[in-house]
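Try each task before reading its solution.

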Amino acid sequence: MKRRAAFLDRDGTLICERRGLVRAPGDVRLLPGSGAALRRLNAAGFAVVILTNQSAVARGIIDETALRAIHDELRRRLLRHGARVDAIYYCPHHPTAGGGRYRKRCRCRKPARGLLARAVRDLGLALRGSIVAGDDLRDLELARGSAARPVLVRTGKGREREDAARRSFGARLLVYDRLLDAVTDLVRPRQRDAGAPQPATSGGRRRPLRAGTSSRAVRAGAREAAAAGATGASRRRTADSTG
Ligand SMILES: [Mg+2]
Ligand SMILES: [Zn+2]
């Protein structure tokens, strides 16, 4: 059975965009709840895959070595929250900016699906039951026409993009204040179903995926699920500490 995944945008979804750009490892600031969201995805068996456009490379603002250092720091910060990232894929290109080898009309710059396709192939991932989360329409485009669910977060540019995203994706779109709210609502911890083998397509799908839920209802649901998940999480920590 292929693994489900959370395909996550980086800037404005997992980390803050500081004056628009993260230029050095010291600029990495996790958004509130990012660590908890990823820890929960890890516990539920989801692959956590970051897909990010980094045209700062094409523009000559940072090089790929700096970008990798930033991503190492991002992984370290998340690890402090007990959260793991399975893979990070980035597009360093831009179709018109810069002058070097990074200036090209590539197939990996979102909304193109190159990064997603690479991740699916490299890691053997399923789209059904997976989520694609970001703060901009080009992130959500990766889910269009696929079995993965588009999720807009209201961090980063998300709040400004909400109306356009709803018009574009209709009832399929799910909107949450932040990534943690989305994950808490959509991803059920495996521990809750311990003992009962799960059919391949269950898990998050058993809970109805509602569109247009008010954030009040979402938060209420989140609290409920968080309370239920806390038991599982502490049990897991106990089990992990022995291994
Ligand atoms: Mg973004
Ligand atoms: Zn590219």
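The exercises below cover confidence, a helix and a sheet in this predicted model.

**Exercise 1. Find where pLDDT stays under 50, and state the chain average.**

Solution. Start with the whole chain. The average pLDDT is 84. A score of at least 70 is reached by 77% of the residues. Over residues 192-243, pLDDT stays under 50. For that stretch the model has 45 contacts beyond four places in sequence.

**Exercise 2. Decide why helix α1 counts as largely enclosed by the rest of the structure.**

Solution. Locate the helix first: α1 spans residues 34-43. Next, apply the burial cut-off: 20 or more other C-beta atoms within 10 Å of a residue's own. The residues of α1 that pass are Ser34, Ala37, Leu38, Arg39, Arg40, Leu41 and Ala43. That makes 7 of the 10 buried, so α1 is largely enclosed by the rest of the structure. Finally, look past the helix. Gly45 follows α1 and has a positive phi, near 85°.

**Exercise 3. Give the strand order of the open sheet, then name its edge strands.**

Solution. The sheet has 6 strands, ordered β3-β2-β1-β4-β5-β6. Their pairing is parallel. The edges are β3 (87-91) and β6 (174-176), because each pairs on one side only. On average, neighbouring strands of this sheet are turned by 20° against each other, direction ignored.

**Exercise 4. Work out how many bridges join β1 to β2, and which residue of β2 partners Ala6.**

Solution. Take the strands: β1 covers residues 5-8 and β2 covers residues 47-53. They run parallel and are joined by 4 bridges. Ala6 has Val48 as its bridge partner in β2.

How values were computed: Residues numbered from 1 in each chain as written. Chains lettered and ligands numbered in written order. Predicted model: local features only at pLDDT ≥ 70, side-chain atom pairs only at ≥ 80, totals over all residues. pLDDT = per-residue confidence, 0-100. Contact = placed C-beta atoms within 7 Å. Buried ≥ 20, exposed ≤ 12 C-beta atoms within 10 Å, placed from the backbone. Helix = DSSP H or I, 4+ residues; strand = E, 2+ residues; numbered from the N terminus. Pairing = 2+ DSSP bridges. Axes fitted to C-alpha atoms, helices over the stretch in contact; angles between N-to-C directions.
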